[in-house]
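Welcome! Please take a look at the sequence and the structure shown here, and then we can walk through them together.

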Amino acid sequence: MKKAAIIGGGVIGGGWVARFLLNGWDVAVYDPDPEAERKIGEVLTQARWALPMLYDRALPSEGQLTFVHSLAEAVMGADYIQESVPERLDLKHKVYAEIEEANSKAPLGSSTSGFKPSELRAGIESGGRLFVAHPFNPVYLLPLIEVVPGEDADSSAIVQARETLASVGLYPLEVKKEIDAHIADRFLEAVWREALWLVKDDIATTQEIDDAIRYGFGLRWAQMGLFETYRIAGGEGGMAHFIAQFGPCLEWPWTKLMDVPELTDELIRKIGDQSDAQSGHLSIRQLERLRDTNLISIMRALKARGNAAGALISQHEETLPRPDHSAVPMITIRRVIPIDWTDYNGHMNESRYGQVYSDAADAVIEACGVNADYVASGLSYFTVENNIKYLAEAHAGDTCHVATRILLAEGKKLKLHHEMRRDSDGQVYSTCTQFLLHVSLETRKTCPPRDDVAQHMANLAAAHAKAEHG
Ligand SMILES: NC(=O)C1=CN([C@@H]2O[C@H](COP(=O)(O)OP(=O)(O)OC[C@H]3O[C@@H](n4cnc5c(N)ncnc54)[C@H](O)[C@@H]3O)[C@@H](O)[C@H]2O)C=CC1
Ligand SMILES: C[N+](C)(C)CC(=O)CC(=O)[O-]
């Protein structure tokens, strides 16, 4: 089992703990705050609910989490170390010196929002394996990690680190040249500065600024970013026309980007009061739940389209353990019920059972040789009947599995029986008896399957019948 050491378990460290732990790594945490274990526990509760919902396959079994009393104990034997202590260079240097004494080999990522690798490394002997690995809150859901190796990096440590980060579902984006605040925080700071001016000058409230983002460009950015979006905004002339039209605006007084409003007590109070009026009726935990619910729904929509962060989720899903197709009955699905499958009654909507049983049937036919090549050769199965029984409520976050038996596999006919159960106690949520017919995609008429597929189906059907009737 691989071990990650997380140094500093606050907002960001807690997210790193969850990311590694839920992807099957053992995690050791060091944080001198006596409240750290409780705080990380709260982050973990939320992450355990949220992260598995991104995927249509179950995550691996959780690793083991330990809270240790010294930094040395945390990093000893670790395969990867992530530092997330407060944004103070002197403190980070002190921490690296201690890490070096106990583990001078493992890749060492820093969550720093703004320091450059050359600043972090100063005076550290094993500094080549130290690099910026800048995450985004919540680390357990958002995939971007800005990896800044900087000059004098140990390239094998960076390669190893990138592989590690990708293996837990993250998207390591390499920043080729070090710069204060990397890539993303430079934008965020620019937007933040401009927003502070708008509030200070009584142009807009915190709520109005948030509305300006979430009803408009915020939606665009999640799927296409800035340049692709502006290319389209140039119409048929593309980027060239866009720049010709809007380039001059850059010289107009559209921004106040270079100066920062003084954070006087008055301005801080004003922002605080407006923010309380906007969101004070919700606790931070309630806001986190709302944010995560929306992020999951957006990312799952992108996954269905194979775009942006959604494509990455599908890629990572391919590395997750497959259900046990060799079991009798066959385990065709093992997954968590995602929040976007639930409805106003607070349980999984009936339409989603159709999806589950469609996926379960796909698992059976794929196991018998009906793969992409087979379909490309013009042969496939169509479902012609589903008889679904809804027996118990399924809720968001429940881990469930579908056990499938082949009842009949004769010529073009295939009859399946699926049972969907909750993992924790075996409660049956639903059953489905399903009838499929083998078809030619050319004539759109039924026809017998290829011999090898027919044989595979028949063998499985015999094994399932034997297990059922002895
Ligand atoms: N909060 C954010 O939105 C983001 C923060 N970051 C970066 O992550 C790092 C941590 O930030 P946050 O988690 O927000 O801060 P935080 O204040 O929530 O957590 C810092 C944690 O470090 C612990 N700590 C202090 N001294 C320590 C030591 N010597 N050894 C181990 N732990 C120690 C503290 O007890 C605290 O729990 C910073 O470098 C920050 O720039 C990066 C991305 C986003
Ligand atoms: C505000 N911040 C600079 C700490 C933000 C980040 O570093 C990234 C994020 O999660 O927004």
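## A loop with a buried histidine

H182 sits in the loop between β8 and α7; helices (H or I, at least four residues) and strands (E, at least two) are DSSP runs, numbered from the N terminus. Although H182 is not a glycine, its phi is positive, at about 55°. Is H182 buried or exposed? With 2% relative accessibility, H182 counts as buried, where buried means under 20% relative accessible area, exposed means over 50%, and partly exposed lies in between (1.4 Å probe, protein chains only).

This is a predicted model, in which local features need pLDDT of at least 70 and side-chain atom pairs count only at pLDDT 80 or more, while totals for chains, interfaces and linings use all residues. Residues are numbered from 1 along each chain as its sequence is written, chains are lettered from A and ligands numbered from 1 in the order in which they are written, and side-chain values use heavy atoms, with hydrogens and water left out.

## The chain as a whole

The protein chain has 16 helices and 13 strands. Its C-alpha atoms fill a box of roughly 75 × 55 × 45 Å along the principal axes. Of its 470 residues, 43% count as buried.

The accessible surface comes to about 24,400 Å², and 54% of that belongs to carbon and sulfur atoms; such areas come from the Shrake-Rupley method with a 1.4 Å probe, and for residues only the protein chains shown count as cover. Contact here means heavy atoms within 4.5 Å. Among contacts between residues at least 6 apart in sequence, 71% join residues at least 24 apart.

## A nonpolar patch

Back to β8 and α7: β8 (171-174) and α7 (184-200) each supply at least two residues of a nonpolar patch. Which residues form this patch on the surface? They are Y171, L173, I183, F187 and L188, with about 460 Å² of accessible area together. Patches are made of residues with over 30% relative accessible area and no salt bridge, with like charges joined within 9 Å and nonpolar side chains (Val, Leu, Ile, Met, Phe, Trp, Tyr) within 5 Å.

L173 counts as partly exposed because its relative accessibility is 31%.

## Salt bridges

A salt bridge is a side-chain nitrogen of Lys or Arg within 4 Å of a carboxyl oxygen of Asp or Glu. By this rule the count comes to 26 salt bridges. One of them joins the side chains of K116 and D180 (3.5 Å, N to O). This pair links distant parts of the chain, with K116 in the loop between β5 (108-110) and α5 (117-121) and D180 in the loop between β8 and α7, 64 residues apart. D180 is partly exposed, with a relative accessible area of 39%.

D56 and R335 also meet through their side chains in a salt bridge (2.8 Å, N to O). D56 lies in the loop between α2 and β3 and R335 in strand β9 (residues 330-336), so the pair ties together parts that are 279 residues apart in sequence. D56 is partly exposed at 25% relative accessible area, whereas R335 is buried at 2%. Both belong to a network of salt bridges that links D56, R300, K303, E317, R335 and D340.

A157 is found in helix α6 (residues 155-167), and its relative accessible area of 3% makes it buried. Leaving aside neighbours within four places in sequence, A157 is in contact with P107 and R129. A157 and L108 are 49 residues apart in sequence and 8.5 Å apart in space, C-alpha to C-alpha.

Q274 lies in helix α11 (residues 265-279) and counts as buried, at 19% relative accessibility. Not counting residues up to four places away in sequence, Q274 touches V199, A204, T205 and T206.

## Backbone details in the loops

A cis peptide bond joins N137 and P138, with omega about 5°; P138 lies in the loop between β6 (130-134) and β7 (144-148). The peptide bond from V328 to P329 is cis, with omega near -5°, and P329 lies in the loop between α13 (308-318) and β9.

D152, in the loop between β7 and α6, has a positive phi of about 65° although it is not a glycine. D152 counts as exposed, at 70% relative accessibility.
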